[in-house]
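Morning, everyone. I have one structure to show today, and I will keep it brief. Please have a look at it first.

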Amino acid sequence: MNKTIAELGFPGRLIAVEGLDGSGKSTQIYLLKRWLELQGLKVYFSEWNSSALVKSATSKGKKQDLLTPTTFSLIHATDFADRYERQLLPLIKGGYLVLCDRYVFTAFARDVVRGCPPEWVRGLYSFAALPDLTFFFKASLEVSLARILDNRPTLKHHEAGMDLGLSTDPYESFRIFQGRIFEQYLAMSSEFGFTLMDANQRIEEQQGMMRRLLTARIDLEKFRKTS
Amino acid sequence: MNKIRPRSVRLPRLRTPESAVIVPKVTPKQWLGAGLPGVEASSLNGKLIVVEGADGSGRSTQIARLVQWLETSGHHTVTVGLKGSTLVSEELETAQQGNILSRTTLSLFYATDFADQLENNILPALRAGSMVLADRYIYTLMARDLVRGMNDAWLRNLYGIALVPDAVFYLDVAPEHLVQRVFAKQSQLDYWESGMDLGFSRDLYDSFLEYQARMRDRFRELQRSYPFHLINGERSPDLVAEDLRREVESVLSA
């Protein structure tokens with residue numbers, strides 16, 4: 001098992017949110033970030049899948065349907081490594097609070113559902129430290145699906161899990177795919193010590209709980225900007 | 001040994017060896033580790049032959065000769081190399097030129113390129129029963145990463161997706177000879193082939209010798225875990241070709 005940032009002895013801390021699309025995790029991490037920033041703390045926020053160079057290959061692969069489960073997994077691992085080595089790790093070493101909207105667990109869940117062996121995927125990402133705190137937003141599958149599907153969005157091929165051949169209907173495929181990912185998350189919950197968040201609660205209730213937990217677990221004063 | 005005569009071709013009175021086409025036996029293939037999800041290794045009828053070695057070790061020459069000989073002997077051959085995938089080859093080139101990626105990222109980028117070619121070029125060709133000649137394979141990628149301090153167990157897991165080749169040849173040439181061959185060919189040393197990213201020396205020549213010596217050491221280490229033929233590449237191309245041909249012949253009739 002990998003070590004957390006604290007266990008590695010770095011001055012920064014890594015906080016991640018995980019959960020299905022529509023679980024409200026992005027809203028919560030945004031509110032957390034605003035709260036920390038306004039206190040004058042050193043905060044950095046990072047999203048999944050955002051490095052420029054790899055993006056060009058990822059979008060080409062998705063557009064032209066070139067990706068298999070293995071190359072899909074590898075290209076996202078490449079993308080993550082780039083972000084980890086060039087952004088996250090230097091900031092963590094420089095004493096930042098790094099907030100991540102999705103972390104390696106997203107890859108573990110998604111790639112395993114696509115058929116990659118769990119140990120292989122975990123091995124790929126073993127260069128990355130584990131978060132000091134991982135919030136898993138557990139909404140009921142139906143609630144998450146409704147939040148995403150109610151306004152009938154255009155679902156991208158891989159987003160809907162269409163490459164798995166679960167259904168020819170993108171919405172039906174998305175439902176089955178998300179259901180399987182949800183199962184993976186639940187299975188990982190104790191393996192990686194997720195902090196469970198009841199995503200069916202009110203936004204404010206959830207945010208209050210996150211702030212309390214963070215204050216209890218991390219000495220925030222240490223992250224104040226020095227002038 | 002099976003000998004099949006093409007029916008439509010009129011045979012010369014004296015049977016020349018060329019008229020007899022050897023049908024290679026199908027030997028079960030294996031993965032190096034976890035393998036690829038959903039791919040059955042036993043359905044692969046062709047042979048995978050890998051030639052490893054530094055630039056200037058004679059790789060291309062030897063592969064060209066193998067292709068010619070194999071085709072003359074009636075085998076369909078497909079040649080693959082590194083950095084040739086549709087998926088990421090362009091991006092990989094850009095990344096290398098800018099030298100902006102850190103080691104894990106570059107390593108995974110190369111692995112993506114390899115996986116894409118494995119699934120889209122190598123496996124289909126093997127399924128169709130072709131002879132696949134790989135101009136470098138995962139061993140070069142692993143050796144490069146090991147020189148750069150990547151973790152051995154991490155690399156083994158990563159390349160567990162690869163197929164175990166039917167034969168691997170490493171064309172061994174001492175760095176001092178290698179440098180002369182590179183000069184004779186292009187009178188200039190390549191940045192990456194000299195390991196300049198590692199900062200051994202700011203002098204290209206010194207860095208080349210140091211880097212290639214380390215690559216050679218890593219290959220010798222890899223040979224302990226992955227059986228391959230160490231070929232003395234300092235001899236004449238004819239002698240090296242003879243060695244390769246003999247070994248490939250034994251693969252075909254194995």
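This is a predicted model: local features need pLDDT of at least 70, side-chain atom pairs count only at pLDDT 80 or more; totals for chains, interfaces and linings use all residues.

Start with the contact. Chain A puts in 25 residues, and chain B puts in 26 residues. Which helices of chain A supply at least two residues each to the side that touches chain B? Those are α3 (52-63), α4 (69-93) and α6 (118-124). The largest share comes from α4(A), with 11 residues.

Next, the backbone. Most residues other than glycine have a negative phi. Chain B gives us two residues to look at here.

Take K83(B). Its phi is positive, about 60°, and it is not a glycine. Where is K83(B) placed? Look in the loop between β4 (77-81) and α2 (89-98) of chain B. Is K83(B) buried, exposed or partly exposed? K83(B) is partly exposed, because 16 other C-beta atoms lie within 10 Å, and the partly exposed class sits between the exposed limit of 12 or fewer and the buried limit of 20 or more.

Now S187(B). This one is not a glycine either, and its phi is positive at about 45°. S187(B) belongs to the loop between α6 (175-186) and α7 (204-225) of chain B. How many other C-beta atoms lie within 10 Å of S187(B)? There are 7, so S187(B) counts as exposed; the cut-off for that is 12 or fewer.

That is my part. Over to you.

Definitions and conventions:
Residues are numbered from 1 along each chain as its sequence is written. Chains are lettered from A and ligands numbered from 1 in the order in which they are written. Two residues are in contact if their C-beta atoms, placed from the backbone, lie within 7 Å. Helices (H or I, at least four residues) and strands (E, at least two) are DSSP runs, numbered from the N terminus.
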